[in-house]
Amino acid sequence: MTMDLKERMLKSKGVILRSWYEHLLSTYPPETARFMKREPNQFANPVGHTIRRGMEAVLEGFLQGSGEDSISAPLDSIIRIRAVQSFTPSQAIAFVLHLKWILRDSLREDIMENRVSTAELETWDSRVDRIALLAFDIYMKCRETIYENRVNEVKNQSFRLLKRANLVVELPDTKIDPDPGNT
Amino acid sequence: MAKIPKASELPLGHSIPQTPWMETPVEFRPGTWCYGGKPKNLEVVGLPNPREWSPTDEDWKLPDNWKEIVMDGLRERLERFRTLKVFMDICVRCGACADKCHFYIGSGDPKNMPVLRAELLRSVYRKDFTTAGRIFGKIAGGREMTLQVLKEWWYYFFQCTECRRCSVFCPYGIDTAEITIIGRELLNLLGLNIDWIAGPVANCYQTGNHLGIQPHAYKDMIEFFVDEIEAVNGVRVEPTFNRKGAEVLFITPSGDVFADPGTYTLMGYLMLFHEIGLDYTWSTYASEGGNFGFFTSHEMMKRLNAKMYAEAKRLGVKWILGGECGHMWRVINQYMDTMNGPADFLEVPKSPFTGTVFENARSTKMVHITEFTADLIRNGKLKLDPSRNDHHRVTFHDSCNPARGMGLLEEPRYIIKNVCNNFFEMPPNTIREQTFCCGGGAGLNTDEYMEMRMRGGLPRANAVKYVHEKHGVNMLACICAIDRAVLPPLMNYWVPGVNVTGVHELVANALIMEGETERTTDLRGEPLLGFEETEDGDDEDI
């Protein structure tokens with residue numbers, strides 16, 4: 001990516017973010033999208049606020065060419081929400097891939113007039129792909145936490161009950177003797 | 001160069017229903033609904049239509065005249081409950097409630113808006129019970145009661161925790177919780193309960209508590225905690241069971257007997273009562289403060305609640321002290337006195353240590369433990385060392401029912417501030433009357449509902465996350481057993497690093513007891529500040 005292109009993208013960051021956020025809002029029912037956009041209080045509108053702030057940080061990291069470490073936390077805040085909403089896994093993370101097309105929109109004139117090379121575009125695309133893969137990892141981790149919560153809850157409710165009612169007795173913890181011959 | 005499609009021209013890969021809400025059928029996504037009530041649990045309390053069924057079955061095995069049963073049931077309730085009639089008629093759909101529901105905020109599903117959830121019932125009411133609806137049908141907002149509508153009722157009336165946050169914002173004072181309560185009553189006429197409610201109701205009725213813990217096991221379990229306490233501070237507390245002639249009967253939710261972290265709260269009660277020398281008894285029959293009958297029908301609530309007074313009468317106590325529970329207090333505060341009272345055989349509760357008369361409980365004869373403990377602290381009756389909670393940075397989650405159902409806002413805070421040095425409030429629009437639900441109240445705290453619970457608890461978790469990041473909060477205190485069960489997985493998902501505690505666990509940590517050995521750990525066995533090294537001191541050479 002040329003410095004020039006990166007600078008231009010950073011300058012259009014506001015427009016790109018707006019389009020990207022609008023796209024994500026379109027995955028919600030219209031009345032919900034309106035609410036997420038309109039309500040400014042972060043505690044009254046935690047989903048809209050968290051997603052908007054997360055997208056801004058992801059985009060900033062992406063345009064600056066930061067590593068995955070700095071993108072991972074804000075991306076997590078978005079995916080963590082979408083992982084428990086009524087989306088299929090692909091629907092939950094598809095918005096990441098859509099960034100490719102939003103970037104193309106913002107470069108439309110440059111592309112048409114061959115001021116941006118295919119190689120440059122492919123570099124950008126591959127970096128979006130990396131974020132999408134990262135999103136997939138986060139999504140899976142979130143879903144695993146849900147199932148882990150279920151298992152822990154069942155264990156906590158039933159096993160401790162049996163134990164406290166003296167219906168099961170666990171073997172006491174013993175230290176393994178490193179030298180069994182000396183007994 | 002080929003034409004580059006615009007971002008807005010691309011297929012989105014997702015679809016928002018294009019049909020109006022009335023014609024959009026409900027989709028049973030796993031994780032967002034609870035298992036259907038088992039026949040044995042319905043049979044034991046005489047609920048209608050017991051049979052094996054699953055909400056995802058096409059055929060719900062309903063009686064042939066199910067529609068007639070529902071419409072007759074609605075008619076009867078409209079005559080019986082003036083509130084229902086008023087709530088059906090006066091909503092102007094202003095939308096003030098729409099974005100106040102935790103399930104709506106978390107899910108984004110418009111049918112979780114309180115106004116629309118109520119509209120599910122209201123549309124049927126309009127069609128059959130209003131002149132405009134009878135004549136103009138859909139144009140007047142009316143719709144036919146169909147199987148699809150019934151399934152929608154079931155799905156969404158079990159996606160409301162009856163927390164009443166929406167009612168705080170309604171300019172007409174419509175209480176959507178009461179609409180959900182009636183909705184669930186109507187569903188119960190057809191045997192359409194969830195098993196997480198039906199099971200506890202049956203067990204509570206048959207055995208005395210939600211899990212069906214029998215008297216000997218209940219006693220064994222509390223004695224287990226006696227040993228645990230002795231291991232922490234060397235003091236042996238001596239609880240009594242079913243003791244006639246005790247001054248006070250203590251009733252708490254059974255959740256605190258078998259599930260962490262509620263168990264530590266229960267240890268807190270035992271320690272407090274021992275230290276002040278309260279003449280009290282546990283009951284192995286009235287061994288449940290919770291009342292899942294409240295989530296079934298008014299009749300079932302009354303039936304399960306009655307055992308509290310019956311046991312108080314049998315034991316001949318003067319008054320009842322109640323533990324940290326949520327909906328139990330709404331039942332006591334709002335319904336008990338007129339349902340099963342007046343309890344003339346009991347005395348107006350008076351603290352034997354401070355002489356304070358609990359005027360607010362003059363009628364119900366039942367005092368909330370945070371009122372009791374706050375009064376003890378206020379009158380200097382407890383020796384406390386708040387530094388023993390210095391390893392905790394605490395915030396307080398107002399449980400919906402004590403906060404909105406009985407205005408219990410100050411007492412828990414007063415106690416926490418006296419037993420902890422580090423207390424931080426969450427933002428004002430997420431606490432007190434505006435508190436956000438834990439996401440699992442009203443009988444929805446079951447594991448198969450985990451995804452929905454994560455949605456519903458999102459606004460609460462978001463506020464906890466804020467104080468966690470801003471003040472380093474690592475402990476979320478509450479006064480409800482359902483909270484203590486629901487909040488830990490919620491924190492594990494949204495705000496790892498925050499644990500959950502009852503207020504009386506914090507009290508017990510700080511409580512200086514007569515004859516205690518040096519305290520180096522809290523009730524959980526975690527080292528107090530300054531004692532971190534002693535725990536693994538033995539391992540230093542390894």
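How many residues of domain 1 of chain B are in contact with how many residues of domain 2 of chain B? 25 residues of domain 1 touch 30 residues of domain 2. Contact here means that the C-beta atoms of two residues, placed from the backbone, lie within 7 Å.

This is a predicted model: local features need pLDDT of at least 70, side-chain atom pairs count only at pLDDT 80 or more, and totals for chains, interfaces and linings use all residues. Residues are numbered from 1 along each chain as its sequence is written, while chains are lettered from A and ligands numbered from 1 in the order in which they are written.

**Domains of chain B**

Chain B splits into domain 1 (21–193) and domain 2 (200–510). These bounds come from an automatic or database domain assignment. Taken over C-alpha atoms, the domain centres are 30 Å apart. On the side of domain 1 that touches domain 2, helix 4, helix 8 (165–169) and helix 9 (176–188) of chain B each give two or more residues. Helix 4 of chain B gives the largest share, five residues. Helices (H or I, at least four residues) and strands (E, at least two) are DSSP runs, numbered from the N terminus.

**Chain B against chain A**

Between the chains, 39 residues of chain B are in contact with 44 residues of chain A. Elements of chain B that give two or more residues to this side are helix 4 (102–107), helix 11 (215–233), helix 19 (450–456), helix 20 (458–471) and helix 21 (481–494).

The table gives the class make-up of two contact sides.

**A helix pair**

The axes of helix 11 and helix 13 (residues 262–276) of chain B come within 10 Å and cross at roughly 80 degrees. Axes are lines fitted to C-alpha atoms, for helices over the stretch in contact, and angles run from 0 to 180 degrees between N-to-C directions. The two helices of chain B are therefore roughly perpendicular, a term for angles of 65 to 115 degrees. Helix 11 contributes Phe225(B), Val226(B), Glu228(B) and Ile229(B) to the contact, and helix 13 contributes residues including Leu266(B) and Met267(B).

**The sheet**

Chain B has an open sheet of four strands, in the order 2-1-3-4, with parallel pairing. Strands pair if DSSP finds at least two bridges between them. Strand 2 (280–282) and strand 4 (366–368) of chain B are at the edges, each with a single partner strand, so one side of each lacks a neighbour in the sheet.

Key:
Angles under 35 degrees count as roughly parallel, over 145 as roughly antiparallel, 65 to 115 as roughly perpendicular and the rest as oblique.
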